Amino acid sequence: LAVQRISKDPSLNLGHRLDYVVLQEECETSRALVRFIDFGKLSSAFIGPLNPGFCEVATLLGENWNKAIFSWMCINYKLDSTIHNPTFARTLPSPTQVLFTIMKYFSWAHVGIIASSEDIWTDTANKLASALRNQGLPVGVVTSIHKGEKGIEDTWNEIKGVDGIRIILLCMHSVLIGGEEQATLLTKALEMGLADGRYVFVPYDTLLYSLPYKNISFDVFDDNSKLQEAYDAVLTITLESGERTFYDAFREAKESGEISRTLEATQVSPLFGTIYDAIYFMAMAIDSARRKGSRVSGTNIAEHTKNFSFPGFSYQVETDNCGKRLSNYVILDTNGRGNQLFPTHLLDMSSDSVKSLGQTIHFPSGAPPKPDSSCWFDPDVLCTGG
């Protein structure tokens, strides 16, 4: 859909016809990298990779091949240096920065991370821990879900064994878009008495797309009162899309005949919109490089991502004069009953500020987890004495 629309966009001058190959990434990190290397000579640029486990290697190869890499999934903090990684560009704000801004706002510094056992998620968890530690935050435990019911219990016991954790990041598919593993994990937390408000659970994957929530009922809660109760301890952070949601944009593309598949909008992951925007983002960079008279090379394309504004799949995509994506995020909460999510706070990434939207967060115990010392969020102060 993105390539089709780019080729018809009269405002873009790419000098070439754009075509694409879907590179099926292997689930195992080492094997995924082999497939990536095979495409070094065939592709002019890459959208991806999906697995943060080989982002650094992919970026080094991209630099060697002079091919740009546009990624929303790479959270490796070392990649943010444009001097060392001139062919790498982010198509979304760094999820670590989003989390840091929110944790600073609520003064929750002590983190635990639980990942699904697949390579893509364990690698995400490890890179996320490393990026948060680089910001000075204490990540107390990084673990993956052990097999079976007893295994999930062991996972929670591992978390319980670490003092002071306030916020638990869940690196796995969100239950709101069909993540059964997250549903099982949260239900077990409730059964073990851990969804009582001592922790805030934050799904990681909703940071990577715009989850529609206005006038949307999540039927995953309808016949599952335990999950509904457990989800009261969850705060969902997602890209704010404004009035037009991902589902609206998908239905419009179907009605216009651009998408011929018989899928309903609600059967499609909103990650579709993120990938679409990443492809358009790359086309805008090629266009910008050509307009400024630069040769279309990996370094030049990655360099020309500044001061963009273009219509993304369901909302306007903008970057600042450093090429940093300007996006708003929203914190969503449930009221402990029902099957809807309500916005409580807006996060403005252009100023790294959080503002309340007037709806208070419904914590299971009536109060948020205890705040940590503000020294954790001050780069010039060393935290001492706990």
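**Aromatic pairs and burial**

Analyst: In this predicted model, one aromatic cluster is formed by Phe70, Phe246, Tyr247, Phe250, Phe272, Tyr276, Tyr280, Phe281, Phe308, Phe310 and Phe313.

User: How many aromatic pairs does the rule give?

Analyst: The count comes to 23 aromatic pairs.

User: Why is the pair of Phe70 and Phe281 called edge-to-face?

Analyst: Ring centres must lie within 6.5 Å to pair, and planes over 60 degrees apart count as edge-to-face. The centres of Phe70 and Phe281 are 6.0 Å apart and their planes stand at 70°, so the pair is edge-to-face. The two residues come from distant parts of the chain, 211 residues apart: Phe70 belongs to strand β2 (residues 68–71) and Phe281 to helix α10 (residues 271–291).

User: Why do Phe70 and Phe281 count as buried?

Analyst: Buried means under 20% relative accessible area. Phe70 has 0% relative accessibility, so Phe70 is buried; Phe281 has a relative accessible area of 1% and is therefore buried as well.

User: What makes the pair of Trp108 and Phe363 edge-to-face?

Analyst: The angle between the planes is 90°, and the cut-off is over 60 degrees. The distance from centre to centre is 6.4 Å, and the limit for pairing is within 6.5 Å.

User: Why is this pair said to tie together separate parts of the sequence?

Analyst: Trp108 is in the loop between α4 (95–106) and β4 (111–115), while Phe363 is in the segment after β14 (353–356), so the pair ties together parts 255 residues apart in sequence.

User: Are Trp108 and Phe363 buried or exposed?

Analyst: With the cut-off for buried at under 20%, Trp108 is buried because its relative accessible area is 1%, and Phe363 is buried because its relative accessibility is 13%.

Conventions
Residues are numbered from 1 along each chain as its sequence is written. This is a predicted model: local features need pLDDT of at least 70, side-chain atom pairs count only at pLDDT 80 or more; totals for chains, interfaces and linings use all residues. Side-chain values use heavy atoms; hydrogens and water are left out. Rings of Phe, Tyr and Trp (its six-membered ring) pair if their centres lie within 6.5 Å; planes under 30 degrees apart count as stacked, over 60 as edge-to-face and the rest as tilted. Helices (H or I, at least four residues) and strands (E, at least two) are DSSP runs, numbered from the N terminus. Buried means under 20% relative accessible area, exposed over 50%, partly exposed in between (1.4 Å probe, protein chains only).
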